[in-house]
Amino acid sequence: MYTITKYIEIFEVNEKNYIFNLNNGSLIELDNSTLDKIKLLINNNNVDVLNENEKEVLIDNQFLVSKDFDEKQEQINHFTYNISKYNNNKDSLKIDFALTNKCNFNCPYCFECNNLSRKLEADYLSLVNTGKNLYYYIKKLLQKGIKNVEIVFYGGEPTLEKDFVVDYIKSIDLLCNEYDADFRYVFITNGFLFTEDFSNRLLNSKCKFIQITIDGEKEFHNQRRTNLAKINTFDKIIENVNQLLKNNFYVVIRLNIDKSNFESVLKFVDGLEKFIDLNNKKYLGFDIARVFGNDNSFDLDEFETFREVLTNKLLRKGLIKPRLSCKALTTFCVAESLSNDLVLDYKGNLYRCWNNVFDDKYKINTLQYLINNNLDPLEYSKVTLDFIENLSLENVNSSECFKCKYCKYCQGLCPAIRKSIINGEEKNIYKGGVCKEIIKERIKNEISFIGV
Ligand code: SF4
Ligand code: SF4
Ligand code: SF4
């Protein structure tokens, strides 16, 4: 017995009708008469309005599902989320490794600004010691069957520890070969010191993904992504992006937007070809992010409007591709899961959310403690409990996210955002279904660039 899935959404985009499956990302364009049948089907659940051919297509794309399956969907959402939350035996491992709390820049919106030391002094001893512990930790997990390891190097500014990181990547690459595992490294950097000389040292490694932030046109960028001496960082960063692309590194340009730089970011994207060599654009990606916590910050829903304008510009220029894939419903990140993944700083301290790194009140333990205790799961600290209980989808938004048909697509917002909403630091977009409208609009917009 079949029934129409609760996860169907009807969209009218550019005078065409579509049905979209929020469970698996299937998209089908419909003529008017088939659309009428679907509407009838949604209202009276009588599949006999469809001919055999139509039924077959809808079954193949899981718009028609067995009655049992659909009734249990909410429990399945809950169950899938919990499995990912408590699974300590995944075959993948992600380490966010803050190599230093130093930075050569002085960005006014830096989320680490209270914790960063502006003095460019190295703390090699701690870093080297933590590096050794991490090597041991990864090796132990490889021996237990981990097959994919991703290390994200960030800080502060990770390129301030160039020598360490080059040697470290070499040693982890060897470990990866020994255990026949896939490794991937990502750098989150301001890009200023990612010179050709440095990237040449990484050429034969598995390090291929670099995220670099640009905050608008030269003048604007130089006002806020620079050092205390206000030097011109824009030209150097652009030079570094181009040499990375030429050497087949994948570069994601992060665009941090707020009310003060939005126009400048738009102009930067408009004239992108003046700066970036687009012959290598297959290695180029973009990430649009919201500057949070200052007077110029966009509200969550305001941001969505501006994100869409910028996204559409990038889509029209062929710099990004439309995406409709629904993620599996998993925990959002390491913050709310009890896997082996780590957020680690160079001193060996562990945290749950990478926004909280270097902040002692969010420290949950140390890597040394984990190693001394045979990598047994850590006891729950207050911070851990907060993320995995108070901020979990069971407990925020009155558990409504599990009932929400957009849940696989949205994953119930990042836990740090959930926290800001609960604390009243962010507009409550759960209220009045604003979050659902945001997701709907996002999907609609992507469809307008895909068509079928
Ligand atoms: S480059 Fe990054 S870490 Fe450095 S001050 Fe700016 S935002 Fe902070
Ligand atoms: S809670 Fe949000 S910001 Fe923190 S690590 Fe998870 S996804 Fe990132
Ligand atoms: S945050 Fe809103 S759109 Fe997302 S899953 Fe929860 S209720 Fe649905």
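**The shell around ligand 3**

Author: The shell around ligand 3 comprises nine nonpolar, two polar and two charged residues. Here Ala, Val, Leu, Ile, Met, Phe, Trp, Tyr, Cys and Pro are taken as nonpolar, Asp, Glu, Lys and Arg as charged, and the others, including Gly, as polar. The model is predicted: local features require pLDDT of at least 70, side-chain atom pairs count only at pLDDT 80 or more, and totals for chains, interfaces and linings use all residues. Residues are numbered from 1 along each chain as its sequence is written, while chains are lettered from A and ligands numbered from 1 in the order in which they are written.

In total, 13 residues surround ligand 3, where a residue is near a molecule or strand if its C-beta atom, placed from the backbone, lies within 6 Å of it. The closest are Cys401, Cys404, Tyr406, Cys410 and Cys435. Helix H15 (400–403), helix H16 (407–410) and helix H18 (434–450) each contribute at least two residues to this shell; H18 gives the most, with three. Helices (H or I, at least four residues) and strands (E, at least two) are DSSP runs, numbered from the N terminus.

For ligand 2, the surrounding residues are Phe332, Cys333, Ala335, Cys353, Trp354, Asn355, Cys414, Pro415 and Ala416. By class, eight of the residues in that shell are nonpolar, one is polar and none is charged.

Elsewhere, nine strands form an open sheet with mixed pairing, in the order S11-S10-S9-S8-S7-S6-S12-S13-S14. Its edge strands, each pairing on one side only, are strand S11 (284–290) and strand S14 (365–366); two strands pair if DSSP finds at least two bridges between them. Strand S10 (residues 250–257) runs parallel to S11 over seven bridges, with arginine 254 opposite aspartate 287 in S11. S9 and S10 are likewise parallel, over five bridges, and isoleucine 212 stands opposite isoleucine 253 in S10. Strand S8 (residues 182–189) and strand S9 (residues 207–213) also pair in the parallel sense, over five bridges. From S8 the chain passes through helix H7 (residues 196–202) to S9 in a right-handed β-α-β crossover, that is, with the strands pointing away from the viewer, the path from the first strand over the helix to the second runs clockwise.

On the scale of the chain, the domain assignment gives domain 1 (2–71) and domain 2 (87–316), with bounds from an automatic or database assignment. Their centres, taken over C-alpha atoms, are separated by 42 Å.
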